[in-house]
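Student: Could you take one part of this structure and go through it closely with me? I would like to follow how its pieces are paired and linked, and then how the rest is laid out around it.

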Amino acid sequence: MESRALERELVSRFYRGNGLNLGIAAVAALAGGTLNIAVSWLMQQLIDTASGVSGAYPLEELAFLTGVFILVCFASFMLKYASEPRFIEKALRQYKDFAFKKLTEKNISSFKDESTAAYLSAMTNDVGSIEADYLGRQLELITKTTAFFGSLALMLCYSPTLTLVAAAVTALPLAASLLTGSRLTAAERRVSDRSADFTAALSDCLGGFTVVKTFKAEKEIFALFAENNRSLEHEKFGRRRLRVLVGMFGAVTGITAQLTVFLVGAYLALSGKGITAGTVIMFVNLMNMLIDPVAELPAILGSRKAAKGLIAKLAAALREGESVGGEVHHERLEEGICLEDVRFSYDGENEVLHGVTARLRAGGSYAVVGASGSGKSTLLKLLTAENSGYSGHIRLDGTELSELAPESLYEMMSVIQQNVFVFNASITDNITMFRSFPEDELRSALRCAHLDELIAKRGGDCLCGENGKELSGGEKQRISIARSLLKRSSVLLADEATAALDAQTAHRVTSDILDLDGITRIVVTHSLEESLLRRFDGIVVMRDGRIEELGSFTELMEKRGYFRALYTVSE
C-alpha cells in the first residue's frame with residue numbers, strides 16, 4: 001500500500017462507524033455558533049429597550065426569549081456532551097488499532113531495523129496533537145464558520161456601512177495570522193522528531209540501568225538524558241512561543257479592529273444615521289465572531305496541517321519496510337532444508353557467512369556448534385527470515401525461502417531464543433501467547449519444559465512482571481521453550497536455548513527436544529555433552545562463517561578434525 005493510500009486509510013479510521021457521533025457533534029457545533037450570534041442580538045435588544053428606543057421589544061418578551069435561549073443553550077451543551085467525547089474516543093481507538101495492526105503485519109527483518117521509539121511517540125505524543133489539533137479543531141471550525149457568516153449577515157441587515165468598515169478592519173488580524181500561522185506545521189514536526197529521540201534515550205537509560213550502575217556511568221548517562229530532554233523542551237518552547245506570537249498578533253489587531261468599529265459606530269449614532277447604542281454594542285460584540293475565525297483560521301488550518309503531517313509520518317513509517325515476501329504457501333516441512341552457497345553480510349561489505357552448503361532432512365535433529373562468532377546464530381536468523389539479503393539458495397522442500405509467504409514461514413518455524421521476552425501477564429498467557437489450547441496439550445508443553453513445579457508453586461495466573469522481572473532467567477527460558485512446543489511447528493530452532501539453565505535442567509530440556517517426533521530440530525548449543533551429541537542425527541560444525549564439518553558424533557570424532565579439537569578442549 002502506498003504511503004498516501006495508507007495515510008487516507010488511517011484518516012478514514014476516524015470516521016468509520018462513527019458518523020452518528022460526528023453528525024450530532026457537528027449539530028452541536030453549528031448550534032454553538034448560532035447561539036453566539038443570538039447573544040449579541042439579545043444584548044442589542046436589551047440595551048435599546050433600556051435606553052427607551054422607539055420600537056424596541058417589551059421587557060417581558062425579551063425575558064421570555066432569554067429563557068428560551070438558555071434552554072436551547074443547555075440542549076446544545078448536552079448534545080456536545082453526549083457526542084463529541086464519544087466521537088473522539090472511537091476515532092482515536094480505531095486509528096491506533098489500525099496502525100498497530102499494520103505494524104504487526106511487518107516481517108521480522110523489516111521491523112528489527114526500525115526505531116521502536118518512533119512508534120511509541122506516534123502512538124502517544126503525536127496522538128495527543130492529533131486529538132487536539134485535528135479532531136477537535138474540525139468541530140471548532142464548524143462553530144467559528146457558522147458564527148462568522150451569521151454575524152456578517154446580521155450586521156448587513158442592521159448597517160451595510162458599518163459592516164463595510166468591519167470587513168475592512170478584519171483584514172488586519174487576517175494578515176497578521178497569515179504571516180505567522182504557516183510556521184506551526186514545521187514546528188510541530190520538529191517537536192515530534194525530538195519527542196521520538198527523547199523516548200528512545202529514556203528507554204535506553206532505563207533498560208540499561210544495571211549496566212549504568214555497574215560501570216558507574218551515572219554522570220555520563222545523565223548528560224545523555226539531559227541533552228535529549230533539553231533538545232525536546234527547546235523545540236516545545238519554540239512551538240509554544242510561536243503559538244503565543246500568533247495569539248498576540250491576533251489579539252492586538254483584533255482589539256484595534258474592534259475599537260475602530262466602536263468609534264465609527266459611535267460617530268454614526270451621534271450623527272443620527274439610524275444607529276442605536278444597542279446596535280453599536282452588538283456590532284462590537286459581533287466583531288469577535290468575525291475576527292476570531294479570520295485571525296485563528298490560519299493557525300487552526302496550520303495546526304490541522306501539522307497534525308495531518310504526523311499522520312503522514314506514521315503512514316510513511318508503517319509503509320517503510322512493509323512486510324513483503326513470496327506468495328507460496330507451505331504448511332509443513334516434508335522433505336528438508338537445503339542450503340547452497342549461502343553468503344550473508346550485515347553491512348553489505350564484510351561477509352559473516354561464506355558459501356554455507358548443507359542438507360538437513362525433515363524430521364531430523366541437528367546440533368550447530370562452533371566458537372563464538374562463527375556464524376551459528378546468524379545462520380538460524382536466516383532460516384527465520386530475520387535477516388534478509390543473502391545470496392545463494394535456502395530452500396524448504398524445494399521452495400526458495402524468499403518465495404514463501406511470511407505467514408507460512410512463521411507457521412512452519414518455532415524459535416527458542418537466548419534472550420526471552422516475557423509480557424507483563426500471567427505465566428499461562430505468556431506460554432499460550434494469549435490463545436486457547438486444549439488442556440492436555442498445555443500440560444504436555446509444561447511437562448516437557450519442566451514448568452510443572454513453577455505452576456504448582458505460583459499458579460498459572462501469577463503475573464510475570466515487566467519483561468518477566470518476577471521470574472528467574474531459567475524460568476523465563478522454560479516459558480520460551482513451552483511456547484515453542486505448544487505451537488507444534490514442523491521446524492524447531494533453538495538458539496542457545498539452555499544457556500540460562502543449570503546443567504541438570506539444560507540436559508533434561510535438550511533431551512526432551514530430542515525426544516520430539518515428527519519435528520525438524522536445529523539446536524545451536526555451546527554445550528558439548530557426549531551423551532546428548534550422540535543422539536543428534538547430525539552435527540553442523542561452524543568455523544569463521546563456514547561449515548567446517550558435518551556428520552554424526554562418531555563420524556566427526558573418527559575424522560579427528562576441528563570438531564574433535566573443540567570437544568577435547570571442552571572436556
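Tutor: A salt bridge here is a side-chain nitrogen of Lys or Arg within 4 Å of a carboxyl oxygen of Asp or Glu. By that rule the count comes to 24 salt bridges in this model, which is predicted.

Strand E1 (residues 336-345) pairs with strand E2 (residues 351-361) in the antiparallel sense, and seven bridges join the two. Then follow the chain to the hairpin of E1 and E2, where five residues lie between the strands and Gly348 takes a positive phi near 85°. E1 also pairs with strand E4 (residues 391-396), again in the antiparallel sense, here over five bridges. One of the pairs to look for there is Arg343, whose bridge partner in E4 is Ser391.

Now turn to the side chains. Glu340 and Arg359 form a salt bridge in which the closest N and O atoms are 3.9 Å apart. Since Glu340 lies in strand E1 and Arg359 in strand E2, this pair ties together parts that are 19 residues apart in sequence. How exposed are the two partners? Glu340 is partly exposed, with a relative accessible area of 28%, whereas Arg359, with a relative accessible area of 62%, is exposed.

Asp341 makes a salt bridge with Arg343, and here the closest N and O atoms are 3.3 Å apart. Asp341 is partly exposed at a relative accessible area of 38%, and Arg343 counts as partly exposed too, at 30% relative accessibility. For a pair elsewhere in the chain, take Glu105 and Lys102, whose side chains meet in a salt bridge of 3.3 Å, N to O. Glu105 is partly exposed, with a relative accessible area of 37%, while Lys102 has 13% relative accessibility and counts as buried, because that value is under 20%.

With this part in mind, we can turn to another sheet. It is open and has six strands, in the order E6-E7-E8-E3-E9-E10, and its pairing is mixed. The edge strands are strand E6 (413-416) and strand E10 (546-551), each of which pairs on one side only. On average, and with direction ignored, neighbouring strands of this sheet are turned by 15° against each other. Within the sheet, strand E3 (residues 365-370) pairs with strand E9 (residues 538-543) in the parallel sense over five bridges, and the bridge partner of Ala367 in E9 is Ile539. Helix H12 (residues 376-383) packs on the sheet, where it touches E3, E6, strand E7 (491-495), strand E8 (520-524) and E9, and its direction makes about 150° with that of E7. Helix H17 (residues 473-487) lies across E6 and E7 and runs at about 170° to E6.

What lies in the interior? In soluble globular proteins, nonpolar side chains tend to be buried together. The largest nonpolar core here has 45 residues, and those with the most contacts inside it are Ile431, Leu451, Leu533, Ile539, Val541 and Phe563. The largest share of this core, five residues, comes from H17. For Val541, leaving aside its neighbours within four places in sequence, the contacts include Val369, Ile547, Leu556, Phe563 and Leu566. Apart from this core lies another, of 30 residues, among them Phe344, Ala362, Leu383 and Val540.

Finally, look at helix H1 (residues 3-12), whose buried residues are Leu6, Glu7, Leu10 and Val11. Seen down the axis of H1, these buried residues fall within an arc of 140°, so they line one face of the helix.

How values were computed
Residues numbered from 1 in each chain as written. Predicted model: local features only at pLDDT ≥ 70, side-chain atom pairs only at ≥ 80, totals over all residues. Heavy atoms only, no water. Pairing = 2+ DSSP bridges. Helix = DSSP H or I, 4+ residues; strand = E, 2+ residues; numbered from the N terminus. Axes fitted to C-alpha atoms, helices over the stretch in contact; angles between N-to-C directions. Contact = heavy atoms within 4.5 Å. Buried < 20%, exposed > 50% of the residue type's maximum accessible area, 1.4 Å probe, protein only. Arc of directions from axis to C-beta. Core = buried A, V, L, I, M, F, W, Y, C linked by side-chain atoms within 4.5 Å.
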